[in-house]
There are 2 protein chains.
Amino acid sequence: MADINFSGTYPAPDSRAPEGRSGAVRSGDLHWDIIELLFFAYRDFVGDADHELEVFGFGRAHHRVLHFVHRYPGLKVADLLDVLRITKQSLGRVLKQLLDEGYIVQKTGNNDRRQRLLFATAKGEALVGKLAGLQTDRITRALREIRPEGAETVRQFLRAMIDQDDPDKVLETILRTAGPNSKERA
Amino acid sequence: MADINFSGTYPAPDSRAPEGRSGAVRSGDLHWDIIELLFFAYRDFVGDADHELEVFGFGRAHHRVLHFVHRYPGLKVADLLDVLRITKQSLGRVLKQLLDEGYIVQKTGNNDRRQRLLFATAKGEALVGKLAGLQTDRITRALREIRPEGAETVRQFLRAMIDQDDPDKVLETILRTAGPNSKERA
DNA sequence: AAATTTATGTCAGCCATATTGACGTATCTT
DNA sequence: AAGATACGTCAATATGGCTGACATAAATTT
């Protein structure tokens, strides 16, 4: 019976479990490595911002709202709901905090006066810029590890990882910018 | 004052907010695009598994536990806590469910009988394999969009995005496997 | 003009997942 | 024998999701 020594290292990820494994699952063609790399990379990536947000008494939800409002000034509440894929009740709480504490302001729409267009204040931009700075530092460090063309390869990969069907308006903007027919196309 | 038309498209992401922006934040060298691509890519990537997990009454936490137990058979509870970066109280609940429902089994350590070594059962492997299959399909699709060498570039980028200091044992295994001195090194 | 739809906000409650602190027990180490 | 370690558990709390219901103002349709 597999008696593995756990004092130091683990068995190679592909070693067998003692009980045997279900033969039903495909085992050779699964991208286990990239799945795990994505987990760890994203964990540490958002960790940068999370630590800083604690200081302000905010969570990841606040960051996401502030980020997209900053990046797409005049965003409507409905659009934010599409992007974040949460309910308006959930959004309401964090949005109210950001409004109350002066990180975001609302502005009644000119075409449609029902709309509350959202804008980041200077205070909000300062915070979101600080957070983006932390995350940019990590990205910059990572890009140094690969060839110069690698940056565009990474962008293409990440874009292709995103659901292309039924994109909301923000996502459409992102996908359109240097989209499918970019420079480094094969 | 910026009167933006919201009926169709958004302004380019770099357009100015109406109130002006804090000049204190650096604005030219921030990797806004990659920050957003990571957000959307990860959102859809984990979404694949999330949908399937709902069927089983499980959440993302169950997936992570099952994944790492499957990949690193004989994982200790303490190691799992290191990897997932949660408290043992949080882990306790999901782990208990997975044990009760037969996705994972415990085995007392041979060297140290205090340890509860964790292994995925056939049932557990079937589930984690199914989930990995969904995520692999997305990754495979994405890799088709880039040059063949691009896959290794993506791995290098993701590895470099991970905190290299103080890696736990699982992470050490991952980083060691085809680590810093891999083939496609510049 | 009246009816309907849309955009937004809010109240009330529920659930999953995380947290901290305290304590208990078995086992290994010194 | 004493202390440290690995794990489990009880209790209380916070955050960030959720659903359902309802209200208001403004736009749109009839």
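Which residue forms a salt bridge with R138(A), and how far apart are the closest N and O atoms? The partner is D48(A), and the closest N and O atoms of the pair are 2.6 Å apart, where a salt bridge is a side-chain nitrogen of Lys or Arg within 4 Å of a carboxyl oxygen of Asp or Glu.

This is a predicted model, in which local features need pLDDT of at least 70 and side-chain atom pairs count only at pLDDT 80 or more, while totals for chains, interfaces and linings use all residues. Residues are numbered from 1 along each chain as its sequence is written, chains are lettered from A in the order in which they are written, and side-chain values use heavy atoms, without hydrogens and water.

**Salt bridges**

Side chains of opposite charge can pair when their charged atoms come close. Over all chains, the structure holds 27 salt bridges, and three of them are set out here.

| Pair | N to O distance |
|---|---|
| R138(A) and D48(A) | 2.6 Å |
| E149(A) and R147(A) | 3.4 Å |
| R85(B) and D44(A) | 3.5 Å |

R138(A) forms its salt bridge with D48(A); because R138(A) lies in helix α5 (residues 122–144) of chain A and D48(A) in helix α1 of chain A, the pair ties together parts that are 90 residues apart in sequence. Helices here are DSSP runs (H or I, at least four residues), numbered from the N terminus. Both R138(A) and D48(A) are buried, a word that stands for under 20% relative accessible area, with exposed meaning over 50% and partly exposed what lies in between (1.4 Å probe, protein chains only).

The salt bridge of R85(B) with D44(A) crosses between chains, from the loop between α3 (77–84) and α4 (88–100) of chain B to helix α1 (residues 32–56) of chain A. D44(A) has a relative accessible area of 2% and is therefore buried. By contrast, E149(A), at 33%, is partly exposed, and R147(A), at 25%, also counts as partly exposed.

**A helix pair between the chains**

Helix α6 (residues 150–161) of chain A packs against helix α5 (residues 122–144) of chain B at an angle of about 135 degrees, with their axes 8 Å apart. The residues that meet are F157(A), A160(A) and M161(A) in α6(A) and R138(B), I139(B), A142(B) and L143(B) in α5(B), contact meaning heavy atoms within 4.5 Å. By class, this contact of α6(A) with α5(B) has six nonpolar, no polar and one charged residues.

Key: Axes are lines fitted to C-alpha atoms, for helices over the stretch in contact, and angles run from 0 to 180 degrees between N-to-C directions. Helices (H or I, at least four residues) and strands (E, at least two) are DSSP runs, numbered from the N terminus. Ala, Val, Leu, Ile, Met, Phe, Trp, Tyr, Cys and Pro count as nonpolar, Asp, Glu, Lys and Arg as charged, and the others, Gly among them, as polar.
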